[in-house]
Amino acid sequence: MVQKSIRIREAKDEDWREIYSLYTRLSDDDLYLRYFHFYRPSENEIKKLVSLKDHVTVIAEDDKIVGEGSIYEDGEFSLVVDPQYRRNGIGALIVKELIKKAKELGLSKVRFYTLPENIAMINLGKKLGFKLRIDEDEVYGELCIEEKKVEECSNIA
Ligand SMILES: CC(C)(COP(=O)(O)OP(=O)(O)OC[C@H]1O[C@@H](n2cnc3c(N)ncnc32)[C@H](O)[C@@H]1OP(=O)(O)O)[C@@H](O)C(=O)NCCC(=O)NCCS
């Protein structure tokens, strides 16, 4: 059950400091799952995350920013939720907002890649109706979001 106080909105340039703070609260494992390799973004990289226009970034906000998700022009997205706030439905809210943004951008599908050990993301994808292709070293999730363009979505099942 999501706490009523959680708000989801598009990130603004001035949110970079709190998003950076969220990233400092993540473990190396969380960052590995977010980026697919060991990587801890610098302040400058988080400033770019909120300012570059090749993607849309949304945030989940309580008394501070507790989740972030970004979607790119090809429909690929990734997200992270503050470890202290997980299993409250925030990840699902972020993905739903990213799907909304994808529709506004006229995309026909959204997709994510994750590692086979990322049970949380795999289950989140399943819960939201993503089709999953599970390989030995990666899991690919895809959701067609516009009925009239469904034929453009590859059949990965
Ligand atoms: C994946 C992640 C974003 C999920 O965020 P979250 O806010 O905890 O997710 P939600 O609370 O919305 O969970 C939605 C569903 O996902 C599944 N899920 C989430 N966490 C789970 C876990 N630890 N184990 C099993 N299933 C889990 C459940 O099906 C859950 O629904 P339920 O609570 O009704 O059972 C979060 O675990 C995270 O930040 N992980 C590290 C970064 C990462 O893996 N990013 C994904 C890169 S693509």
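This is a predicted model: local features need pLDDT of at least 70, side-chain atom pairs count only at pLDDT 80 or more; totals for chains, interfaces and linings use all residues.
**Exercise 1.** Work out how helix 1 and helix 3 are oriented where they pack.

*Solution.* Start with the geometry: helix 1 (residues 16-24) meets helix 3 (residues 43-51) at an angle of about 125°, and their axes are 9 Å apart. That angle makes helix 1 oblique to helix 3, because 65 to 115 degrees would count as roughly perpendicular and over 145 as roughly antiparallel. Next, the handedness: helix 1 passes helix 3 in a right-handed crossing. Now look at who touches whom. Helix 1 brings Trp-16, Ile-19, Tyr-20 and Tyr-23, while helix 3 brings Glu-43, Ile-46, Lys-47, Leu-49 and Val-50. Sorted by class, that contact comes to 7 nonpolar, no polar and 2 charged residues.

**Exercise 2.** Describe the shell around the ligand and find its top contributor.

*Solution.* Count first: 23 residues surround the ligand, with Leu-33, Arg-86, Gly-91, Ala-120 and Asn-123 the closest. Then see where the shell comes from. Helix 2 (28-35), strand 4 (77-81), helix 4 (90-104), strand 5 (109-114) and helix 5 (119-127) each supply at least two residues. Helix 5 gives the most, with 6 residues. Finish with the classes: 11 nonpolar, 7 polar and 5 charged residues.

**Exercise 3.** Phe-36 has a positive phi, and so does Arg-87. Decide for each whether the residue is buried, partly exposed or exposed.

*Solution.* Most residues other than glycine have a negative phi. Phe-36, in the loop between helix 2 and helix 3, has a phi near 80°. Its 13 C-beta neighbours inside 10 Å make Phe-36 partly exposed, because exposed needs 12 or fewer. Arg-87 sits in the loop between strand 4 and helix 4, with phi near 60°. Arg-87 has 9 such neighbours, so Arg-87 counts as exposed.

Methods
Residues are numbered from 1 along each chain as its sequence is written. Axes are lines fitted to C-alpha atoms, for helices over the stretch in contact, and angles run from 0 to 180 degrees between N-to-C directions. Helices (H or I, at least four residues) and strands (E, at least two) are DSSP runs, numbered from the N terminus. Angles under 35 degrees count as roughly parallel, over 145 as roughly antiparallel, 65 to 115 as roughly perpendicular and the rest as oblique. A crossing is left-handed if the near helix is turned anticlockwise from the far one by less than a right angle, and right-handed if clockwise. Two residues are in contact if their C-beta atoms, placed from the backbone, lie within 7 Å. Ala, Val, Leu, Ile, Met, Phe, Trp, Tyr, Cys and Pro count as nonpolar, Asp, Glu, Lys and Arg as charged, and the others, Gly among them, as polar. A residue is near a molecule or strand if its C-beta atom, placed from the backbone, lies within 6 Å of it. A residue is buried if 20 or more other C-beta atoms lie within 10 Å of its own, exposed if 12 or fewer, and partly exposed in between; C-beta atoms are placed from the backbone.
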